[in-house]
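Here is a short report on one protein model. Look over the sequence and the structure first, then read on.

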Amino acid sequence: MAPWHDARAQITEIVAALGDSIDGETVAQRLLGLSNSPIVDFRFTGSEPPGSGVGADRWLDERNPLLGLTEGAYQTLADQANFEQFAELAVEGLPDRQKRLVREYFGIYAGFGEVPGFPVGATFKDRAELMRHGVHRNGQAGIVGTGERGAESVVVSGGYEDDEDDGDVIVYTGHGGRDQATGRQVADQSFSASGNAALVTSHVDQVPVRVIRRADSGYRYDGLFHVESYWSERGRSGFMICRYRLVKSGNEFGADVRITDLVDLPRGNAAPGRKVTAVARLQRLQALSRAVKDLHEHRCQVCDIRLVIAGRGYAQGAHIRPVGRPHEGTDTADNLLCLCPNCHVLFDNGEIVVNDDFGIRSSYPHRGALRTAPGHKINIENLAYHRGLFSGM
């Protein structure tokens, strides 16, 4: 509990975050509007607040009531595992725009990113300790998050037979369909499941995810990873599974290229190595990709748009079958498309797919069939592979 005079500055910041005027009367009205809410407790001195907020500013200054969280709200907030529950309580009844702003202001998304006091390498004896410190806020599920907000953290414990862990790069299997007794996959997974949808959102929004690994001492926090890509495929047990390629932050170039002279650049590299170098990445983009884009005069093969920047055409080279594990796509011209940035993002996320006859399937505007250019042959097996990545969505 704190007196109004002491709390006024912080309350003013909250009102400003809502995009409203921050004059004293507005601040006071917003505050008194919470007097009957389930999260704020008022201890009025001498008289009840004025009706309809009239004269609220002067009334608060004169009475200087005590205010603070209700006991129930405090207990909810004190338990990090219930932080989201408190957040929803706090924004109950607000318009959608204000809900978002209030969540952001109060740090409702504070479950993302590093957890203060627990650097990379910090160890925890069990899942209960992970949850208690807010590093992984669920004692059972391997993914913490929602489809609306994204994923906060994942636990890599080897529980799924299809997981692949190469240190800075993880091919992670989504949640669901596993027999708890045997660990084998016994049913299909779906991207609509909460945890699986959360990782998709993390990819789209490029929100980093905490990765916790099973270790001899229990569990170990191993840093922030980005969800570089996602897809569906048939797993070892024959069921469709959701897959995610997680790349450690600071290693956004991936682990799929190697330093090479690339003298004959248009031929590309049929077997890209896995030593991480930004130089090789740039060489690859500046040479092979440029050659393909030049053939198409920097015009998108899907929507036909040609962007111009400072008098020069601009397009992006998009791999059809992704390079690197587990896809092993080649860095060659027959595995590249010339796309505008919008179509590139849509293609990478399965919102655009191309049939073997080059017909385009998408709910977004397109030219009907993939435009080709003399000298640029496209590998239809790679097109089929790309379609397969999103067949389960």
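## Serine 153 and its surroundings

The side chain of serine 153 forms a polar contact with the side chain of histidine 136, at 2.7 Å. A polar contact is a pair of N or O atoms within 3.5 Å; within protein, one must be able to donate a hydrogen and the other to accept it, and residues adjacent in sequence count only if both atoms are side-chain atoms. This is a predicted model: local features need pLDDT of at least 70, side-chain atom pairs count only at pLDDT 80 or more, and totals for chains, interfaces and linings use all residues. Residues are numbered from 1 along each chain as its sequence is written, and side-chain values use heavy atoms, with hydrogens and water left out.

Serine 153 sits in strand β6, residues 150–156. Strands (E, at least two residues) and helices (H or I, at least four) are DSSP runs, numbered from the N terminus. Is serine 153 buried or exposed? Serine 153 counts as buried because its relative accessibility is 0%. Buried means under 20% relative accessible area, exposed over 50%, and partly exposed in between (1.4 Å probe, protein chains only).

Leaving out residues up to four places away in sequence, serine 153 touches Val135, His136, Gly142, Ile143, Val144, Val209, Arg210 and Ile212. Contact here means heavy atoms within 4.5 Å.

## A sheet of three strands

Elsewhere, three strands form an open sheet in the order β1-β3-β2, with antiparallel pairing. β1 (2–3) and β2 (40–43) are at the edges; each has a single partner strand, so one side of each lacks a neighbour in the sheet. Two strands pair if DSSP finds at least two bridges between them. β1 and β3 (residues 66–69) pair over two bridges. β2 and β3 pair over four bridges. The table lists some opposite residues.

|---|---|
| Valine 40 | Leucine 69 |

## Two exposed residues

Isoleucine 309 belongs to strand β12, residues 307–309. Isoleucine 309 counts as exposed because its relative accessibility is 52%.

Asparagine 342 lies in helix α10, residues 341–348. With 60% relative accessibility, asparagine 342 also counts as exposed. How far apart in space are asparagine 342 and glutamine 316? The C-alpha to C-alpha distance is 9.8 Å, while asparagine 342 and glutamine 316 are 26 residues apart in sequence.
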